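Subject: Structure for you to look through

Hello,

Here is the structure that I promised to pass on, together with some notes on its pockets and aromatic rings. Please keep it open beside this message while you read.

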Amino acid sequence: MKLRIFTEPQQGASYDDLLSVAQAAERLGFDGFFRSDHYLRMGAGDPEPGPTDAWVTLAGLARETSTIRLGTLVTAGTFRLPGPLAIGVAQVDQMSGGRVELGLGTGWFEEEHTAYGIPFPPLGERFERLEEQLEIITGLWTAAKPFSFEGVHYRLVDSPAMPKPAQRPRPPIILGGTGPRRTPRLVARFADEYNVPFNRVADTGAAYGRVREACQAVGRGAITLSAAQVVCAGRDENEIARRAAAIGRDVAELRVNGLTGTPDEIVEKIKEFAQIGAERMYLQVLDLGDLEHLELIAAEVLPHV
């Protein structure tokens, strides 16, 4: 099991905050540093310092880290045209020496689109666009000659299909969600990894089953399975309660819906996800100023999973 740190900087974080967490995660031996791709805080609270752009952030981190994997969980397909996104991700992959992974989704948070003037089509159209985006991005990265594409929503004519990413044939693609039909089909066709965020073990296992069936239907072999869970670790109940309060959550609720408790409790919960096939866990860290939290997880959870 590989553990990755997953941040939500729209809740209030600067680039320097993210840099501190990414460098600590690398130093402590975590496999990856990932961030959400949002432009608006969710829920009540101080919106300062405002949003940071996911791929601008990752470009900076690409030059200020050296080994840790970097990526989005997940980039909203509504935010960027597929051609420029393919260029940007390929460039960050080059800048990092081949450490980038692209999580891509339909986009779902309507308020952030309204706040920044971003079109927000109905869900069915967003899925149509996502499928075309995946065809275009993977096509641009792997095409050996000029690339053209004619879809309902996008049209490319004789693109030079450059730049190429450092990774061959391309950076890994991560798709997530628990939709019963369209998501498994897109995962089977395009994804290297399937992620289920913030679900209980049984529901996560059911989603994995649907993806396995979709992969078998098109003759695909094994796909990497992962899950994302909020993490709140402490050596005792007081420390657990302090960390839960810092992120505005209830300990009892977090124990049911996240990875919460002593390191031993968290290890056992991670093992439950491993038993249903998960190979990676994205630990959602919400208090980015608490680097001691990462140190505790690295010392007392990471070696046991």
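Is F34 buried or exposed? With a relative accessible area of 0%, F34 is buried, where buried means under 20% relative accessible area, exposed means over 50%, and partly exposed is what lies in between, all with a 1.4 Å probe and protein chains only.

Before going on, please note that this is a predicted model, in which local features need pLDDT of at least 70 and side-chain atom pairs count only at pLDDT 80 or more, while totals for chains, interfaces and linings use all residues. Residues are numbered from 1 along each chain as its sequence is written, and side-chain values use heavy atoms, with hydrogens and water left out.

Aromatic rings

Rings of Phe, Tyr and Trp (for Trp, the six-membered ring) pair if their centres lie within 6.5 Å, and planes under 30 degrees apart count as stacked, over 60 as edge-to-face and the rest as tilted. By this rule there are 6 aromatic pairs. In one of them, the ring centres of F6 and F198 are 6.4 Å apart with their planes at 20°, so this pair is stacked. F6 belongs to strand β1 (residues 2-7) and F198 to the loop between β9 and α7 (201-217), so that the pair links parts of the chain 192 residues apart, with helices (H or I, at least four residues) and strands (E, at least two) taken as DSSP runs numbered from the N terminus. F6 counts as buried at 3% relative accessibility, whereas F198, at 40%, is partly exposed.

F34 forms an edge-to-face pair with Y282, at 5.1 Å centre to centre and 85° between the planes. Because F34 lies in strand β2 (residues 32-35) and Y282 in strand β12, this pair ties together parts that are 248 residues apart in sequence. Y282 also counts as buried, at 0% relative accessibility. Finally, Y39, F79 and Y116 form one aromatic cluster.

Pockets

A pocket is an open set of points, on a 1 Å grid over the protein atoms alone, where a 1.4 Å probe fits and protein lies on both sides within 12 Å along at least five of seven lines; lining residues have an atom within 4 Å of a point. The largest pocket holds about 890 Å³ of space, and of the 42 residues that line it, H38, L73, V74, W108 and P197 are the closest to its centre.

Best wishes

Terms used: Points joined across faces, edges and corners; volume = space filled by probe spheres on them.
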